[in-house]
Amino acid sequence: MFAASRIASVASKRAFSTSAANLSKVAVLGAAGGIGQPLSLLMKQNPHVTELSLYDIVNTPGVAADISHINTNSTVKGYTAENDGLKSALEGAHVVIIPAGVPRKPGMTRDDLFNTNASIVRDLAEASAKYCPDAHFLIISNPVNSTVPIFAETLKKAGVFNPKKLYGVTTLDVVRASRFVAEVKGKDPKDCKVTVVGGHSGVTIVPLLSQTGESFTKEQLDALTHRIQFGGDEVVQAKNGTGSATLSMAFAGARFASSVLDATVGGKKGVVEPSFVQSDLFKDQGVEYFSSNIELGPNGVEKINGLGEISDYEKELISKAVPELKKNITKGNSFVQ
């Protein structure tokens with residue numbers, strides 16, 4: 001309930017226009033799952049959304065019926081694989097959010113999910129290329145470091161890849177970082193802005209704590225960095241085999257999707273969010289995709305921000321992240337190629 005009210009509060013403060021010109025269809029693929037349901041709930045509250053299109057292999061009509069009763073100005077439709085449901089879910093979509101796939105269990109890394117989720121993401125990419133090639137695609141399905149390349153390579157095969165419209169959602173890393181730093185410093189998280197770069201698993205997650213304006217001891221740096229990198233493990237272990245980070249991921253996913261809608265539909269300027277996108281920042285080291293702050297515009301990625309001044313501690317973290325990222329990306333590319 002807190003996450004929903006928080007998003008609603010943010011949305012109301014933005015004073016969005018609700019003319020027909022700046023409303024759109026948003027599709028959620030994997031909408032009946034642990035992330036998909038709360039994510040769909042939060043997107044129902046976004047005034048840019050005219051139609052919320054919910055797809056999953058089972059149970060989506062019930063989820064759609066439930067969410068459709070919420071008194072915001074958008075329709076909700078639920079689809080399953082029967083009767084060309086995926087086609088209907090995707091046609092005309094402006095934004096497609098993909099949390100589909102299996103969650104992590106204790107002892108699993110995000111990379112352990114590859115064998116199952118890779119084929120799911122590839123199949124959804126093939127359908128997206130066919131039915132809504134011009135949409136903005138937001139990939140939540142793990143391992144993001146590999147599923148984004150899978151989605152990209154599949155779109156390339158269909159001749160419809162647009163790097164400005166494909167995003168790996170890494171927002172949860174900055175959400176966590178802000179919360180964890182606030183706890184250490186005794187502050188409100190809204191006053192703790194933390195840039196996180198790299199990728200979206202383990203050592204590829206690099207928080208740039210030197211840019212927060214806060215001072216940390218070496219022990220605090222080590223502890224915070226590890227917690228930000230492996231924060232998902234806390235949730236997996238606490239849920240004891242019943243799932244992974246779903247509610248916080250839905251919150252983060254809705255935040256990023258809302259930012260994409262603000263920039264592409266609402267005409268808002270200066271919208272900056274982190275995202276795992278095709279990037280030149282470390283291309284010379286064989287890393288084709290990298291997460292950093294990006295500026296969003298009417299057509300998607302407008303500008304990719306550099307890392308800025310970073311500490312020696314962070315340079316060491318980057319040196320560990322790059323080879324792991326390269327391996328993850330290559331694995332995704334090879335799956336399709």
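Biologist: Of the contacts in the chain between residues at least 6 apart in sequence, what share joins residues at least 24 apart?

Modeller: Keep in mind that this is a predicted model. Contacts here are counted for pairs at least 6 apart in sequence. Among those, the share joining residues at least 24 apart is 73%.

Biologist: What part of the accessible surface belongs to carbon and sulfur atoms?

Modeller: Picture the C-alpha atoms filling a box of roughly 55 × 45 × 40 Å along the principal axes. Of the 337 residues, 54% are buried. The accessible surface comes to about 14,400 Å², and the part belonging to carbon and sulfur atoms is 50%.

Biologist: How far apart are the centres of the positive and negative side chains?

Modeller: There are 35 positive side chains and 33 negative ones in the chain.

Biologist: Which domain does UniProt place at residues 170–335?

Modeller: Over residues 170–335 the chain is 47% helix and 17% strand. The end C-alpha atoms of that stretch are 22 Å apart. The name comes from an unreviewed UniProt entry, which calls this domain "Lactate/malate dehydrogenase C-terminal".

Biologist: Lys326 next: buried, exposed or partly exposed?

Modeller: Lys326 is found in helix H11, residues 312–336. Leaving aside neighbours within four places in sequence, Lys326 is in contact with Gln285, Gly286 and Val287. Buried needs under 20% and exposed needs over 50%. With a relative accessible area of 40%, Lys326 is therefore partly exposed.

Biologist: And which residues does Glu153 contact, leaving aside its neighbours within four places in sequence?

Modeller: Glu153 lies in helix H6, residues 144–157. Its relative accessible area is 10%, so Glu153 is buried. Once those neighbours within four places are left aside, the contacts of Glu153 are Asn333, Val336 and Gln337.

Biologist: What separates the C-alpha atoms of Leu86 and Ser311?

Modeller: Leu86 is in helix H4, residues 85–90, and is buried, with a relative accessible area of 16%. Beyond neighbours within four places in sequence, Leu86 is in contact with Leu29, Tyr55, Thr80, Leu124 and Ala127. Ser311 is 225 residues from Leu86 along the chain, and their C-alpha atoms are separated by 47 Å.

Biologist: Last one: which residues of H2 are buried?

Modeller: Helix H2 spans residues 36–43 and is mostly covered, with 6 of its 8 residues buried. The buried residues of H2 are Gly36, Pro38, Leu39, Ser40, Leu42 and Met43.

Conventions. Residues numbered from 1 in each chain as written. Predicted model: local features only at pLDDT ≥ 70, side-chain atom pairs only at ≥ 80, totals over all residues. Heavy atoms only, no water. Buried < 20%, exposed > 50% of the residue type's maximum accessible area, 1.4 Å probe, protein only. Contact = heavy atoms within 4.5 Å. Areas by Shrake-Rupley, 256 points an atom, 1.4 Å probe, with all protein chains shown as cover. Lys, Arg positive; Asp, Glu negative; His and termini not counted. Charge placed at Lys NZ, Arg CZ, Asp CG, Glu CD. Helix = DSSP H or I, 4+ residues; strand = E, 2+ residues; numbered from the N terminus. UniProt positions renumbered as here; feature names shortened; annotations may be inferred.
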